[in-house]
Amino acid sequence: MYKRNEAFRFDFPEPIDCFFTILTPNSETKESNKGKIKLHNLSPKGCRFSSHLHLPPDKKWYITIEA
């Protein structure tokens, strides 16, 4: 879900190429290998990114992002 009205959201002029790793909920244990994403914006409560991978949008994801 994309919350456009969130108090602070930083939109990047161009998407940033990054890598992400999925974590297990409430933990820092890695659950996946690195995947490629394009980071579009960032806020204190989340981010918006695009990926060629299929990630169901109805699930809450816990991820780490590396530029």
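Predicted model: local features only at pLDDT ≥ 70, side-chain atom pairs only at ≥ 80, totals over all residues.
Residues are numbered from 1 along each chain as its sequence is written. Local features need pLDDT of at least 70, side-chain atom pairs count only at pLDDT 80 or more, and totals for chains, interfaces and linings use all residues, while side-chain values use heavy atoms, with hydrogens and water left out.

Select the four strands, which make an open sheet in the order β3-β2-β1-β4 with antiparallel pairing. Strands are DSSP runs of E, at least two residues, numbered from the N terminus. Pairing requires at least two DSSP bridges between two strands.

**The edges.** Pick β3 (46-50) and β4 (63-66): each has a single partner strand, so one side of each lacks a neighbour in the sheet.

**β1 and β4.** Go to β1, residues 10-22. Four bridges pair β1 with β4 in the antiparallel sense. Show Ile22; opposite is Ile63 in β4.

Cys18 faces Ile37 in β2.

**β2 and β3.** These strands form a hairpin with two residues between them. Five bridges join the antiparallel pair. Select Lys38 and find Ser50, the bridge partner in β3.

**The patch.** Last, show Phe8, Phe10 and Leu42 as a surface. They form a nonpolar patch with about 300 Å² of accessible area together. Patch residues have over 30% relative accessible area and no salt bridge (a Lys or Arg side-chain nitrogen within 4 Å of an Asp or Glu carboxyl oxygen); nonpolar side chains (Val, Leu, Ile, Met, Phe, Trp, Tyr) are joined within 5 Å, like charges within 9 Å. Areas come from the Shrake-Rupley method with a 1.4 Å probe; for residues, only the protein chains shown count as cover. Phe8 lies in the segment before β1.
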